[in-house]
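Hi,

Here is the structure I promised to pass on.

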Amino acid sequence: MIKAIFFSTFDVNEGPKVLHQVPADAIAPSSSSTQTPLFHFPSLSPYIIPRPEFCSRLITFCTPTHRILSQPVCLQSSTYPRNAYTFSIALVLESSTPFASYATVTLKLASLLKTLEEQSRFLSRDASAPNTGKIYALCEILLEDLNNYCESMIPIDDSNTLNIKLFPTYPHPSPLYPYHVPLSTVRLDTLTDPNWDLTMLRVLPYIDGVNSVKQISLLADADYKLVRKAIEHLLYYGCLLLLDIFSFSAVYAPTAEIASFVEDTEMQEECARYIAVPNDGIKHNLQHDIIRGLQLVELYLALKQGQNVKSFYIKHAETMDRIDVRRFITFGVIKGFLYRVHKFAMATNPTGKRKRDHKLKSRQKTRTAAVVKAQTDDPDSDSHILDLEHYLDGTHCFDEICTELMISEQELTRHLKAVGDVQIISR
């Protein structure tokens with residue numbers, strides 16, 4: 001929240017001077033005022049109205065309780081006293097307030113006032129008394145609008161209008177990888193318009209909670225780097241969640257947060273509505289809330305390490321035939337009471353020589369990486385070689401390897417067996 005906005009200049013007789021301030025007496029109180037200023041302006045004036053060498057730069061500094069943002073501007077011209085006119089419009093925030101978005105506002109204000117001064121001497125010709133006139137009105141409206149609405153549109157004159165929007169600052173999301181599956185938390189189609197980025201418009205139809213980032217780039221026929229940037233943008237603003245690639249060979253297990261699901265009947269009802277098969281009839285399920293809730297708890301508690309989704313589904317087939325198994329797993333992951341047990345490949349003898357197929361020896365004279373011979377769908381086609389050495393350090397999960405090499409987990413397992421000296425770790 002902005003505590004104050006003030007406009008100051010360098011007076012040829014008095015030096016740095018505050019001409020307009022909102023609220024009144026917040027920076028430089030009058031002699032009759034009993035209000036305590038937010039900070040001592042004379043002490044900090046060398047940083048607010050600095051030497052010309054430090055002008056046209058964003059300056060931010062803190063007092064024990066407040067932060068001041070400004071971009072001083074110095075215009076050189078023989079029409080000014082001392083051949084220069086220096087001014088600064090500054091924002092005062094609480095010292096603990098994140099200021100990244102306010103810095104953009106400060107830069108835009110300084111740029112606009114500089115342009116107005118160069119065009120029509122809007123600032124230097126203003127003979128209004130302190131805390132009156134157009135500049136004061138600009139500061140007053142800006143403070144009120146940004147604090148209340150986070151945006152402002154102020155007509156300056158017939159040809160200039162100030163348009164400013166205060167964009168929120170969010171923490172940076174977790175890193176995005178090709179094997180991540182984005183799931184929208186809002187209706188993205190209702191937010192779009194034709195002026196959106198072209199890559200973003202091509203990507204949105206394929207964000208369905210099933211396709212991975214890599215698959216989305218292929219389906220949208222767009223460059224992966226651009227697709228990743230578009231998804232990161234949506235992720236930053238909280239429009240997406242990241243999931244793992246769903247497969248029946250995956251393993252899931254409950255976390256300690258499962259206790260909250262056991263006790264929360266509203267979450268159980270929400271889960272029943274979310275995971276119900278569309279043709280199953282949700283109303284029928286809701287007639288047995290308590291029984292349904294107990295069944296859901298028992299199903300989630302039945303998930304465990306060492307048991308993949310396929311085995312779990314077969315074991316509970318009678319109950320699971322009324323449930324969308326993908327949504328069943330997704331709900332638990334989103335709510336935080338399920339976690340994915342990933343598989344990692346670790347070479348047990350990374351420095352030793354691994355067994356290789358004799359047909360590949362002529363191609364591997366200079367290779368030190370582990371290689372595998374894999375047959376394509378066409379039996380008459382040439383074999384291709386997969387370089388797995390990079391992935392055998394125990395830090396690359398199966399999802400990552402399969403996504404980058406564009407193979408299934410079954411194929412990857414077969415290749416790893418051919419390599420030998422590889423241990424599969426689940427964690």
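Starting with the overall fold: among contacts in the protein chain (heavy atoms within 4.5 Å) between residues at least 6 apart in sequence, 63% join residues at least 24 apart. Before you read on, this is a predicted model, where local features need pLDDT of at least 70 and side-chain atom pairs count only at pLDDT 80 or more, while totals for chains, interfaces and linings use all residues. Residues are numbered from 1 along each chain as its sequence is written, and side-chain values use heavy atoms, with hydrogens and water left out.

The protein chain has 15 helices and 17 strands; these are DSSP runs numbered from the N terminus, with helices being H or I of at least four residues and strands E of at least two. Of its 427 residues, 41% count as buried, meaning under 20% relative accessible area with a 1.4 Å probe, protein chains only.

Axes here are lines fitted to C-alpha atoms, for helices over the stretch in contact, and angles run from 0 to 180 degrees between N-to-C directions. On the α8 side the contact is made by M267, E270, C271, Y274 and I275, and on the α13 side by R327, F328, T330, F331 and K335. Those residues divide into six nonpolar, one polar and three charged (Ala, Val, Leu, Ile, Met, Phe, Trp, Tyr, Cys and Pro count as nonpolar, Asp, Glu, Lys and Arg as charged, and the others, Gly among them, as polar).

Next, a sheet. Three strands form an open, antiparallel one in the order β16-β13-β17; strands pair if DSSP finds at least two bridges between them. β16 (393-397) and β17 (422-426) are the edge strands, each pairing on one side only. Ignoring direction, neighbouring strands of this sheet are turned by 30° against each other on average. β13 (residues 343-347) pairs with β17 over five bridges, and M346 has Q423 as its bridge partner in β17. Helix α14 (residues 398-405) packs on the sheet, touching β13, β16 and β17, and its direction makes about 70° with that of β16.

Last, is T106 buried or exposed? T106 sits in helix α2 (residues 100-120) and counts as buried because its relative accessibility is 1%. Leaving aside neighbours within four places in sequence, T106 is in contact with L58, L69, S70, Q71, I89 and L91.

Cheers

Note on methods: Buried < 20%, exposed > 50% of the residue type's maximum accessible area, 1.4 Å probe, protein only.
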